2 protein chains.
Amino acid sequence: MTIDPTLLRAVLDGDYASARAEGRSFVRQPGAVIDEEAPLAEIRDATLRGTRALGETGQPLLPLPPELGGEDEHAGYVAAFEELVASSPSVQIKAGVQYGLFGGAIQHLGNAEQHRAWLVPAARGELLGSFAMTEIGHGSDVAAVGTTATYDPDTEEFVVHTPFRAATKEYIGNAAAHARAAVVFAQLVTRGVNHGVHAFFVPVRTDAGEVLPGVTVEDDGAKGGLRGVDNGRFAFDSVRIPRTHLLDRYGSVAPDGTYSSPIESPGRRFFTMLGTLVQGRVSLDGASTVGAKLGLDIAIRYALERRQFTGAKETEEVVLLDYRRHQRRLMPALARTWANALAHNDLLASFQTVFSGEDDSDEARQLLETQAAGYKALSTWDALDILQECREACGGAGFIAENRLVGLRRDLDVYATFEGDNTVLLQLVGKRLLGDYAAELRHLDIGGVARFIGTQAAEHSLYRSGMANVGRTIGDVFTPALNAKRIRSGKLQEALLESRVEAMVAELAGNLRPAARMPAEKAAALVNENQNLLIETARAYVELRKWQALDRAFRAFRDDHPEAPETTVFRRLRDLHGLSLIDEHLGWHIMYGRLSMNRARQIGPTIDRLCAKLAADALPLVEAFGYGQEHRRATISSGIEKERQDEAREYYRQARARADHPVDEKVLHAERKKAAKKAKSRSTQR
Amino acid sequence: MTIDPTLLRAVLDGDYASARAEGRSFVRQPGAVIDEEAPLAEIRDATLRGTRALGETGQPLLPLPPELGGEDEHAGYVAAFEELVASSPSVQIKAGVQYGLFGGAIQHLGNAEQHRAWLVPAARGELLGSFAMTEIGHGSDVAAVGTTATYDPDTEEFVVHTPFRAATKEYIGNAAAHARAAVVFAQLVTRGVNHGVHAFFVPVRTDAGEVLPGVTVEDDGAKGGLRGVDNGRFAFDSVRIPRTHLLDRYGSVAPDGTYSSPIESPGRRFFTMLGTLVQGRVSLDGASTVGAKLGLDIAIRYALERRQFTGAKETEEVVLLDYRRHQRRLMPALARTWANALAHNDLLASFQTVFSGEDDSDEARQLLETQAAGYKALSTWDALDILQECREACGGAGFIAENRLVGLRRDLDVYATFEGDNTVLLQLVGKRLLGDYAAELRHLDIGGVARFIGTQAAEHSLYRSGMANVGRTIGDVFTPALNAKRIRSGKLQEALLESRVEAMVAELAGNLRPAARMPAEKAAALVNENQNLLIETARAYVELRKWQALDRAFRAFRDDHPEAPETTVFRRLRDLHGLSLIDEHLGWHIMYGRLSMNRARQIGPTIDRLCAKLAADALPLVEAFGYGQEHRRATISSGIEKERQDEAREYYRQARARADHPVDEKVLHAERKKAAKKAKSRSTQR
């Protein structure tokens, strides 16, 4: 069975094939690849050059409106941007700060004049900027930042101020060395009223790079990864900026200090502002999947060449990927990566629909935000787990920097906690699921307890999470006549995954119901008691949605290629991923009567068999990722291991043929033992 | 309930309290702590100074025999050595190479004259050396190394040679910069016979540091961690060494080339030689547990100070460790670390018994080797998981190098694949379990299939793994009258964990039985099909043994302190760990009828409750680890977070008291809504 990787690549790259090709080609741009082990100052400069090189391609203009030279192309830009991980994760993240966060905030929160003044220079990489949201004392709880921007009508200025140490802006990319300006998130105070968090354009350095008066910059120094990104801290000592530096799309201040906003509710306004910044989460979902693909590409190619320990033949060592355990380490990771990639394609499509204005209804926005939060949380964790498995699967070679696995994992580590801590993001998803459930059942006062669930979503809890099938039971597909083959039924997999989400949401809602009638302290405690369940429910939901994306893509492919061997392989990926998810929560499925014990026992062996079958096609499956050695850049994925193995095998082959080749003592030993046994048996016969 | 951490510390440190105190005090030695972010050349030099500083303390002389100035103290030395992780993992590993591997190989494989010539200078850090075992082409399969040492009777020399690229010695600590000599493992060939792998003392550099003729050194350059250790490669081009440079305890060559050995079987000889090097695995088991302790110490202290999101009170943010999810992330990790620490104490005791000669029977040695292999595999993985959870639990702060979590994880990463790849080590354990089972049942020809299980243990498969209780069923403890409280019965936990191991071993043996009568190719395939089960069986066994160590220590403590609050806390740790292990394989326990569905449902909530209770005593539980801020050295574990939080809270307290304090728009908004509602309701009433 010959598998055509290009056919599979078309599925993975989906609607963004040309954007991804563009992003992958960036690796050939001068400055795109940097020496990750260079001294800090050098690698920061190199990363800046890479960031500017991206600006010079014109790519960051894509999401801009046509009147500013853009194409209103959001998803395509993000798809290309994600692929920069293959060039340099540091360049990718610094570019993300510059174009996505700094430029994006100006685009989505600023007015037309501000766009002309700052957005185009930012998108060209000429005006270097920071995105100053997080503070030492407040990470995920952005609404509680301590920085203030108080309006002074006498001078028509805002006074930006850091009132205490914990309000210092922290982990800010571009801050330590390069930013000339920052979009600063601060509590807007005018006429004695705090209107909540708004964004301000604050110059921080002169063109020559000198820090401006009143601004204090500290360097975060060495980090766990992303060494090329100059993270740092900003503190402001009553820094004055013109009134017109407020990015005022969702809230403006008149010269006399009067505040006005197109959105009446301060809570809704806040979440609308933050919602415009969802691109960061969308792109991390994709970028982490690119990281996982690269890791698997390296580890699987190595596993197809590397040999260790002899097998049936004394002189023939076994290729790593022929070991069943090795298959079991890498094949489920491969299937999961396919699910993440295909779910991400759906996310990109939603993103484009909302941001192009095709459908920017509240419902569409909120579904996008929920899915971006949940998908990002799981795929960033998956990338870390997969890269670690890949690094260990390559043994000591995996630990050497030149083989890239440790570097990729190191750089992607922070994904789990930035652009929203994963734990917080899953709570946001869980809460929205609860809201949906409440809306459907109309008997659950969840709004009253919502504020005790510590997420950004304090206001929006009631809307669609896309769980259209909740309520369908597995009875339809799970009959007693189910045979061994049926364990691979897609409908069964979906029913099991779906019924788990449904049951968990119902349990959660039931547990929380009394909170609505409780005093605050008790209600908060009850919600807290259910926090773990809330998060696990969100995880189950995201797992379901991603599996569904994989399944949908599989079915579409099967319809187009009913007899193709690629369809068989694709189905194996779908089944392996589905059964792996069920296996992870096997206890649950049995405990809640969804799966009989006898059938549950089939799952492990079925997973083993699927792994073995997929391993036979592992090469085309990673070729489908679309990377070349210029992207992998690992010594062990270059074919060098096969050369070395061939050289060693040829050496032994020739050596064995020589008359003076030393005989193994263990062979002599075995012969002696045999002879002694014979002699003994002869003497006994006499 | 006030918990006395010193009482718990005495349990954790066990018989090695003074040795551990000594190891912890090394942090105050000049040179012990190094700048982990310095340029490569600098950090290598600093690491060498730290390694020499350890030599100057005289510690590395401890394991030597009294006639060489030592005290025959093996376990105490290892216990102190493990604690060096708190000073610098790079210094620890470089010292491990110098004193444990290089010195240890000379001690255990060399003769008295060699001890005088090389061992004492090595133990003093004067003669710097490498341990050159691994090759590019052979990691865990040491028996297959390609380097040869061919005896030349004319000159009475061995010719050490690297015949092809894959036979180059690789990942060798001290090789890139500092080693003057190396213990090189090579196939000993004399008189036309290959006697298998032996160790040779090979000078590689002059005293001045110049590489000797015929030796090629390459630098491994940057790695995933342990930046201070100068890993590199050695290749030998027919390098001649005197006959007396063979470390000849287990095999010697007479001047005329005649080979002799005290151990007749070449296989047994090989494993005896390797067995003397078990110290490396023992010390990694302990060192990884030190790493996990430090991570938890940092993350838990931070979680006790850090606040995020308001709870019941609008103005009061909640401390991280009060969140149930946060408890669930850190408390099971704490309990697991206790289990690992207490199991490690048992391992140290076995190590001392065997290496002091008190009981160095084959049985004692083999049990030690099995447990060192299994314990090291699981505790090194645990350390990585725990350090990652700790890093994420500290959010962005966890990613900054100065908070140490990323550095510790990075440095310990390689533990999973060095001194025996964890996957290979677990196969070794699994195979020995099978051997035991075969020996007990006497009807299973496992010897015949053993060679297809690719581990170092090709010869020894039949001996004691210490599973004395296998065969006991859980019927004794698991009665239908079991109530909710009984889910916390230690006997039940043990019976569940034990019966799982027993069932898995029996299943494995049953699956493999046909292999003995199969042709080689089929037998190898059958063994391969069961590889995953073999490894999971080994894991289950090690989990059981470690839980038993925790349980034994708990029961001994309870006997001594029946009424102490520390006993209550200790029991919670035991139960949390036991139930977490059962929860991980919940599907199995239900599927195989060990646990009813109803009872299985109690496990999750019981774990949640135990986490909450333990979180209340989290501080004394980490204080029990015995580290000070000089060991943690994380900014966030210094108390600075509390200072910042206090400052911010005081700021808001004072601000709220001021008349001109801006009122929140959301408060005004809520009041307006309320008023409008009232007005509406009044107009409706009319």
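Q: What area do chain B and chain A bury between them?
A: Chain B and chain A bury about 8,900 Å², with 54% of that on carbon and sulfur atoms. Buried area here is the accessible area (1.4 Å probe) that the two parts lose on being put together, summed over both. The model is predicted: local features need pLDDT of at least 70 and side-chain atom pairs count only at pLDDT 80 or more, while totals for chains, interfaces and linings use all residues. Residues are numbered from 1 along each chain as its sequence is written, chains are lettered from A and ligands numbered from 1 in the order in which they are written, and side-chain values use heavy atoms, without hydrogens and water.

Q: Which residue numbers does the contact take from each chain?
A: With contact meaning heavy atoms within 4.5 Å, 106 residues come from chain B and 104 residues from chain A.

Q: Why is the pair B:Arg269 and A:Glu665 called a salt bridge?
A: The term asks for a side-chain nitrogen of Lys or Arg within 4 Å of a carboxyl oxygen of Asp or Glu. B:Arg269 and A:Glu665 meet at 2.7 Å, N to O, so the pair qualifies.

Q: What makes A:Arg233 and A:Glu170 a link between distant parts of the chain?
A: A salt bridge joins A:Arg233 to A:Glu170, with the closest N and O atoms 2.8 Å apart. A:Arg233 lies in strand 8 (residues 232-236) of chain A and A:Glu170 in strand 4 (residues 169-172) of chain A, 63 residues apart. Strands are DSSP runs (E, at least two residues), numbered from the N terminus.

Q: Why is the relation of chain B to chain A that of a two-fold axis?
A: Chain B can be laid on chain A by a turn of 180° and a shift of 0.0 Å along the axis, with an RMSD of 0.1 Å; therefore the relation is that of a two-fold axis. The superposition is by least squares on C-alpha atoms of residues with pLDDT of at least 70 in both copies.

Methods:
Helices (H or I, at least four residues) and strands (E, at least two) are DSSP runs, numbered from the N terminus.
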